[in-house]
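Please look at the sequence and the structure below before reading on.

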Amino acid sequence: MTSTPGTGPAAVARDCKRPGCGNVIPPGAGRGRHRVFCGEDCARRYHNDARLPAPAASGGGSTDADPLAALEHALRQAAAHARAARDQAAALDPARVRADIAETEAARRRAEAAAVTAQARQAARDDTAAAQDTARQSGNTARALTAELGQLRLDTASQIAAATETARQQVTAARDDAARFQRERDGALTTARDARTAADAETARARQAETDARDETRRTREDAARERDALRDSHAAQLETQRALTDAERARAERAEAQLETERADRRQLTTHITGNGTQQPPAPTRTGARSK
């Protein structure tokens with residue numbers, strides 16, 4: 001809308017100028033002329049509608065017969081008048097311009113209200129016709145559903161009878177199966193008790209065999225331990241005997257070596273006496289370190 005009295009010339013429009021748009025005008029940039037359209041498309045459509053020629057009146061009062069066409073013509077005329085009034089705003093008195101603009105805006109709003117009313121009446125007539133058609137269709141559907149319901153009742157009764165007979169047969173078969181299952185269960189319980197008794201006996205025998213095997217293993221270990229101790233003692237005695245024999249042989253060897261040295265000394269002394277004054281000493285015999293065994 002344009003500025004209204006009381007707001008001053010500085011007040012700018014917030015809605016688009018094109019009738020029927022209703023979009024908010026985005027804020028303008030700079031200090032130029034205030035924008036009156038939300039976009040170039042609305043401005044172009046507004047000027048094109050203003051340049052459209054008035055439709056020629058047809059005979060027979062077609063405008064009265066078609067209120068939407070009459071309202072469209074009135075809206076176009078109001079838009080053209082509003083454009084002319086805004087174009088002359090700079091050269092006219094501001095108060096008069098505001099009055100013309102307000103009148104034009106009021107006419108536009110009345111035309112829009114009339115258009116909305118006409119559309120509502122036409123929609124009401126269309127809704128009434130659609131409701132009547134829907135009612136007729138609903139009646140036809142209800143009659144068809146009634147017939148289907150009767151047939152469904154007949155089908156349901158036959159199905160219930162068949163299901164009852166099938167259920168009776170299934171109950172008889174289930175009772176027979178239950179008796180057979182009872183006999184099979186009794187036989188299975190008897191077999192299970194016998195198998196459990198046999199398993200208990202086998203378990204007892206297995207436990208006794210395990211106990212016997214454990215005792216036999218223990219006796220075998222004890223015998224092996226005794227034999228190991230006896231063998232260790234025997235080896236120790238043999239080693240001690242061998243050590244004693246070795247010491248005795250070493251002692252005999254040492255005694256034989258001492259006796260041999262004594263005999264050698266006696267021979268050297270005898271040789272010295274035999275040779276005379278002893279000016280020439282024979283070489284001493286070299287010890288070979290031989291041991292008698």
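## Glu210 and Arg214

Glu210 is partly exposed, at 46% relative accessibility; here buried means under 20% relative accessible area, exposed over 50%, and partly exposed in between, for a 1.4 Å probe and protein chains only. Arg214 is likewise partly exposed, at 48%. Their side chains form a salt bridge with an N to O distance of 3.1 Å, the term denoting a side-chain nitrogen of Lys or Arg within 4 Å of a carboxyl oxygen of Asp or Glu.

Both residues belong to helix α4, which covers residues 94–275. They are four residues apart, and therefore about one helical turn separates them. Helices (H or I, at least four residues) and strands (E, at least two) are DSSP runs, numbered from the N terminus.

## Basis of the values

The model is predicted: local features need pLDDT of at least 70 and side-chain atom pairs count only at pLDDT 80 or more, while totals for chains, interfaces and linings use all residues. Residues are numbered from 1 along each chain as its sequence is written, and side-chain values use heavy atoms, with hydrogens and water left out.

## Further salt bridges

In helix α4, Asp229 and Arg232 lie three residues apart, about one turn of the helix. A salt bridge links Asp229 to Arg232, with the closest N and O atoms 2.8 Å apart. Asp229 has a relative accessible area of 31% and is partly exposed; Arg232 is partly exposed at 48%.

The search of the whole structure finds 17 salt bridges.
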